[in-house]
Amino acid sequence: MSVQALPILNSCYDTILRRLRWTTSSLSHVHQAHGHVLKTGLSNETYVATKLLSLYANNLSFIGANALLHSIPYPDLSSFSTLIYAFSKHHLFSNALRTFSQMLSSGIMPDPHIIPSAIKACTSLSAIKIGKQVHGIASVSGCASDEFVLSSLFHMYVKFNQIEHAHKLFDTLPKQDLFEWSALIAAYARTGHADEAIKLFDQMGRSGVEPNCVSWNGMIAGFNRSGLHSEAFLFFQKMHSQAFKPDGTSVSSVLPAIGDLKDLNKGKQVHGYVNKLGLESDNCVVSSLVDMYGKCASKVEMFQVFNEMSKVDLGAFNALIAGLSRNSLADNALNLFNRFKDSGMNLNVVTWTSIIACCSQNGKDLEALELFREMQAYGVKPNFVTLPCLLPACGNIAALKHGKSTHCFALRMGIYHDVYVCSALIDMYAKCGKIRAAQLIFDSILQKNLVCWNAIIGGYSLHGMAEKAIETFSLMQKNGHEPDSITLTCVLSACSQRGLTKEGLYYYNIMSKKHGFEAKIEHYACLVTLFGRAGKLEEACSVIKKMPFEPDACVWGALLSSCRVHNNVSLAETAAKKLFELEPNNPGNYVLLSNIYACKGMWSEVDMVRDMMKRKGLRKNPGCSWIEVKNKVHMLLAGDKSHPQMAQINEKLNELSMEMRKLGYFPNIEYVLQDVEEQDKVQILCGHSEKLAVVFGLLHTPAGTSLTVIKNLRICGDCHKVIQFISSFENREILVRDTNRFHHFKNGICSCGDYW
């Protein structure tokens, strides 16, 4: 049929097909030609159908092209190849792989011309498993030795950081040019294989392939990405010493490494080099300088570099916001952001995300929520990075309704399955008291990574569910994930919440023996807390004495907090003395020591500590609690008489107090650490912020509704007892999160078992 049809096609449709030029034919012309082909009954001719397929694809009419392909009774390799190539060319990679699969199902094997298109699709979709299958098909079909196929496979494995596979293919390449050498060397560098990367770099030169600036930059950037910051800087120096002139990319690659090293002197040297080369007008270089000075806590130089720009670059502005956030200058960042926003500067999603993250990380959670709303009002679409920056703000103040809204937003945007978004959701629900919801999200993640495992283990720890945390830790390892320092911090914290000293010590010991990393400062702090809370203060001190480096404020703070629990004055004074040296302006340390003295009735020592605070201009941070009611987060301060509903709150508190007295409960005034009359102490207890927040919730929610309260300090024993009673008397489930953990009150019982 085909042989007889071709002369007819040439005589009847030659004019039409000549008009349908590959680059100029409109879709309407293609439709006309398709219609003529259908009328003549030649639509079954593969030659004609493939020609039409090309024309449809060239006009981006992929629905029509797909329909045409399915209508061909006997499509050949050319038919499939035409569409696969077009899909890949226009970045419709899923369609390309789907069509490739259909071709194989039809019994047609690919040739060396179409396999690179399938490999490109796998690479772009990060589909490593499918990529390996395509590699296997290339081998079976005899195409794996083709130069272009080999090169495509090599670059696919390089992108996936499958270095062993990439190196094997590299060795089989008939021609190893500078591009391939540079790609392989950069892959070794960014995966942390410094020795192998340097060895290959030297080998490249010996083989007659001279490195260029791209090769050097690949090494510097690769070392930086893999955390080998010192190696990145040394290679930058080596580049300069071997008479290769670093360019803007070289400088932009090495400055982040210097920032992470926090080596201000090196940073200033490179800055001087920037001035010498005249790169001050390179926006990427300026952004990197701002970022580097921010990481080195050099605020003056950071502002100076930014202010010297002739025209403000958005990248540099974003780096400045991040630098201010990193140095706890959230107010400065907000003021600067609002100034540039009001000036009409076109702020992008990175800028909005940066300022939201700045607020979340610096205690401005309500501002972060407001900025998220404002961002959308300005028409800027949040992305998969924005949500993990916002969700911690919801968790910090237990703004569950806002957190749920963000969850719904992720579903609508189609970014719910991003593992980092899911991890942030796990953390948010756990901090809002909804550990079951956190568990459900964790279970729904198909490709779990270490971040989401850490998030759920940390959630169990926060809720005092030590056994569940340990069980999940074991499950994580069975699933092939090695723990990191964060994982062990979560496990040790979980053990300390339940007083599991034996188990905690076991997990501390296996850090180096089994998992191959040494304990960091945070692990020692957990260990001090583990022993201290259990009353083993001498063991806690022994841990501090045996530390291989100087204890920081976290470690001494853990000891001081434990001394507060057990009212150990002598050790408290030792810890406090160290803390006053390390954090002279932290009022919490002075207050904690003062409270320990007060518990022992040592009022002259209390006055002495308070005088120290006055001389330094320090004030005690007031007790503060948050509760979300009707989509709004309400804040209540200890002893606050200005709240508009304080009269109703006090009335309800008095009612509850009367009921408690009937059952034999009397306020425990030993928790009032002030030298005042007994009746005043009772009044002070009534004004504790967590009590006020719980009663506020009772007044504004239906009977039986659960309440979640967040407190900025450790819950006091009297409040703990009162809320236990309220949970039983009012038939409410009440969750209170203090600085240490969650307390689940239900039917007069707390989940902590009075161990906190």
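Predicted model: local features only at pLDDT ≥ 70, side-chain atom pairs only at ≥ 80, totals over all residues.
Because Lys 238 belongs to helix α14 (residues 229-241) and Asp 202 to helix α12 (residues 194-206), the pair ties together parts that lie 36 residues apart in sequence.

A second pairing joins the side chains of Glu 164 and Lys 168, which meet in a salt bridge at 3.8 Å, N to O. Glu 164 and Lys 168 are four residues apart in helix α10 (residues 163-172), so about one helical turn separates them. Glu 164 counts as exposed, at 58% relative accessibility, and Lys 168 is likewise exposed, with a relative accessible area of 52%.

## A buried pair and a network

The side chains of Lys 711 and Glu 690 also meet in a salt bridge, here with an N to O distance of 2.8 Å. Since Lys 711 lies in strand β3 (residues 707-711) and Glu 690 in helix α39 (residues 689-700), this pair ties together parts that are 21 residues apart in sequence. Both Lys 711 and Glu 690 are buried, which by the cut-off applied here means a relative accessible area under 20%.

The structure holds 16 salt bridges, and a network of such bridges links Asp 260, Asp 291, Lys 295 and Arg 326.

In soluble globular proteins, nonpolar side chains tend to be buried together. The largest nonpolar core of this model has 205 residues, and those with the most contacts inside it are Phe 154, Phe 223, Phe 317, Ile 426, Tyr 507 and Leu 559. Helix α25 (residues 419-431) gives the most to this core, contributing nine residues. Apart from this core lies another, of 30 residues, which includes Leu 636, Met 660, Leu 692 and Ala 693.

Phe 223, one of the residues with the most contacts inside the largest core, can be described through its surroundings. When residues up to four places away in sequence are not counted, Phe 223 touches Ala 189, Arg 190, Ala 194, Ala 197, Ile 198, Leu 228, His 229, Glu 231, Ala 232 and Phe 235.

Note on methods:
Residues numbered from 1 in each chain as written. Heavy atoms only, no water. Core = buried A, V, L, I, M, F, W, Y, C linked by side-chain atoms within 4.5 Å. Buried < 20%, exposed > 50% of the residue type's maximum accessible area, 1.4 Å probe, protein only. Helix = DSSP H or I, 4+ residues; strand = E, 2+ residues; numbered from the N terminus. Contact = heavy atoms within 4.5 Å. Salt bridge = Lys/Arg side-chain N within 4 Å of Asp/Glu carboxyl O.
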